[in-house]
Amino acid sequence: MTTTPAPEATLPAAATAATPPRAAARPGPPPRPRLRVLLGSTVGSVAALLILVAVGTVLHLPLLIPPLAASMALVAGAPDLPLSQPRSVVGGQLLSALTGFAVLALAGPGLWSAAVAGGLALGVMMAARTPHSPAAATAVIVALQSPPFGSFIGLLALASVLLVAVGLGAARVTGREYPAYWF
């Protein structure tokens, strides 16, 4: 009884050398948005952030503008991403602020505390399934600035809900779907 060699054993050595796989086509830039989407998203973002500045100024807490501007950019510009969903926007922001306050209580304000708070906020958001990268900056702000707990958390909750509401309105105007899920 004779056995036949495996097919690869009969090929010349050059043919058996690993041939590099074809490189996947690199994605190009995103498509240009429709004018209605561009204008609706931009106007909604500007309006939401102006409202937040007004409320923050009245309450003397303008600190939230940088992370919330990034949140609004996700909600208006990439409404399909998990990072943009209401669960992540509201939950991620609030959990990150609470993480910042916990680090602040244990270590006091400062750059070292801010670094720890920002990193821990990521872990907390991942564990809670509320990924929202701009919220890590909220934890950093808390650990650096030591804002008053009640007014900061209240303003942050209001601001996060406002961003989601603007995202809902912008989606209706632009014909996009938002949110992909709530919880």
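Modeller: In the largest nonpolar core, which has 24 residues, L68, M72 and F152 are the ones that touch the most other members. A nonpolar core here is a set of buried Ala, Val, Leu, Ile, Met, Phe, Trp, Tyr and Cys residues joined through side-chain atoms within 4.5 Å, where buried means under 20% relative accessible area, exposed over 50% and partly exposed in between, with a 1.4 Å probe and protein chains only. The model is predicted, so local features need pLDDT of at least 70 and side-chain atom pairs count only at pLDDT 80 or more, whereas totals for chains, interfaces and linings use all residues. Residues are numbered from 1 along each chain as its sequence is written, and side-chain values use heavy atoms, with hydrogens and water left out.

Two or more residues of this core come from each of α2, α3, α4 (86-107), α6 (134-145) and α7, and α7 gives the largest share, with 9 residues. Helices (H or I, at least four residues) and strands (E, at least two) are DSSP runs numbered from the N terminus; the chain has 7 helices and 0 strands. Another core, of 8 residues, lies apart from the largest one, and includes A114, A121, M125 and A139.

Leaving out residues up to four places away in sequence, M72 touches S45, A48, L49, G77, L163, V166 and G167, with contact meaning heavy atoms within 4.5 Å. M72 also belongs to the packing of α2 on α3, in which S41, S45, A48, L49, L52 and V53 of α2 meet I65, L68, A69, M72 and A76 of α3. These residues divide into 9 nonpolar, 2 polar and no charged, counting Ala, Val, Leu, Ile, Met, Phe, Trp, Tyr, Cys and Pro as nonpolar, Asp, Glu, Lys and Arg as charged, and the others, Gly among them, as polar.

As for the geometry of this pair, the axes of α2 (residues 35-58) and α3 (residues 65-77) come within 10 Å and cross at roughly 155 degrees, which makes α2 roughly antiparallel to α3. Axes are lines fitted to C-alpha atoms, for helices over the stretch in contact, and angles run from 0 to 180 degrees between N-to-C directions; those under 35 degrees count as roughly parallel, over 145 as roughly antiparallel, 65 to 115 as roughly perpendicular, and the rest as oblique.
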